[in-house]
Amino acid sequence: MSPDDFDRLQSLMASRAGFRLTRDRMKLAEHRLGPLARREGYETVDALLASLWAKPVAGMAWAVIESLLNPETWFRRDRKTFDTFAGELLPALSAARGGAPVKVWSAGCSTGQEPWSLAMAAMDAGFPVEIVATDLSQRALEKARSGAYTGFEIQRGLAAGTMLNWFDQAEDSWIARPQLRAAVHFARANLLDAPADDHRFDVIFCRYVLADMDAARRAQALDNLERRLVDDGCLFLGADEGLEADSIAFRPVAGRKGLFVKTPAALRRAA
Amino acid sequence: MTPRTCLIVDDSRIIRKVARRIVEGLGFEVDEAADGSEALAFCAGVMPEVILLDWSMPVMDGMTFLRRLRTLPGGGGPKVLFCTIETRAERIAEALSAGADDYVMKPFDGEILTSKFAEVGAV
């Protein structure tokens, strides 16, 4: 991959996904694009990129973008977050909603471990939830929708008892049971796109997504998240993620790592 | 502060070595046993806080060890994590109902083992 190729990749990632492809990820980018090049019938990554620059096909550009996103996730990542969600937020929100399902958005769900973990936590605690899980990557979503995980994937973060309760074994994989699948709806969405309707959520999980974005796009994504969140709702970032100067719409909740609520300044859509 | 203790029970020296490195990384002091009978003798002397337990072993298998452990004085204390190549759902359920706290399917890595320790509240 030439420096020019990398520059172009950087601007492609930034403009379409807001993703900051830092220079130290050049080797990683080459490594990630290898399988895509083979799948698409190119001899080398360079040939794939040359073709993309010569004739920018939207499908191919998105396939390139997807392969460079960071898909890493696991079940119950930041365990405390799930305990706070099921043990504190759901009882309060469910009561405030008169027992109606609490609306949850897993924004940047990657291969699905987060929304499944949320659904299991909610149902084990006995609270009805409607979970919408979105990601930019079609490939990640396909895997998420399949609900199928290898032995290696399923036990990363998931206790064996929980696994047996919610997943069926099929040869080498573990597949989410229908009851679990019914709680999660998957769709593709770009966090840079402004909401096109007024659907809003009680709790939004957007963990380990914003940290990879460039500052301007991160602010844009946060603004979109804020517009999707009800005024008394909660936003979860990764346990170690902060907002710093990115947004004046949210403030951290003391003693709950990764949990944010709207600032008074953001409560402007009450009417 | 006294370090926390973990007993690794596996007839494979290589598995014991791999697991030891991970568990020591979590801040545990590690002892090893090559089968259930050795492990039982160890536990009769000192109860570890966590036991990482293989299923199929010569002399005494993991399931027999677990059942006997739970009848020993103080034998309900240790968190027991099965760690085995046996991956059938029925067998996992059997292990849990026999008193195992969690279950690790081989192959595993440091991240899996760390998350399992966290799930049983050992770290």
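These legends describe close-up views of a predicted model. Residues count from 1 along each chain as its sequence is written, and chains are lettered from A in written order. Local features need pLDDT of at least 70, side-chain atom pairs count only at pLDDT 80 or more, and totals for chains, interfaces and linings use all residues.

**View 1. Strand β5 of chain A has two faces.** β5(A) spans residues 173-176; strands are DSSP runs of E, at least two residues, numbered from the N terminus. Trp174(A) and Ala176(A) point to one face and are buried (20 or more other C-beta atoms within 10 Å of the residue's own, C-beta atoms being placed from the backbone).

**View 2. β5(A) pairs with β3(A) and with β4(A).** Pairing requires at least two DSSP bridges between two strands. β3(A), residues 148-150, pairs with β5(A) in the antiparallel sense over 3 bridges. Ala148(A) stands opposite Ile175(A). β4(A), residues 167-170, is also antiparallel to β5(A), over 4 bridges. Here Gln169(A) has Trp174(A) as its bridge partner. The β4(A)-β5(A) hairpin has 2 residues between its strands. In the turn, Glu171(A) has a positive phi of about 50°.

**View 3. Helices α2 and α3 of chain A pack at about 80°.** Helices are DSSP runs of H or I, at least four residues. α2(A) covers residues 26-39 and α3(A) residues 45-54, with axes 9 Å apart. Axes are lines fitted to C-alpha atoms over the stretch in contact, and angles run from 0 to 180 degrees between N-to-C directions. The angle makes α2(A) roughly perpendicular to α3(A) (65 to 115 degrees). Contact residues (C-beta atoms, placed from the backbone, within 7 Å) include Leu33(A) of α2(A) and Leu48(A) of α3(A).

Methods:
Buried ≥ 20, exposed ≤ 12 C-beta atoms within 10 Å, placed from the backbone. Parallel < 35°, antiparallel > 145°, perpendicular 65-115°, else oblique. Contact = placed C-beta atoms within 7 Å.
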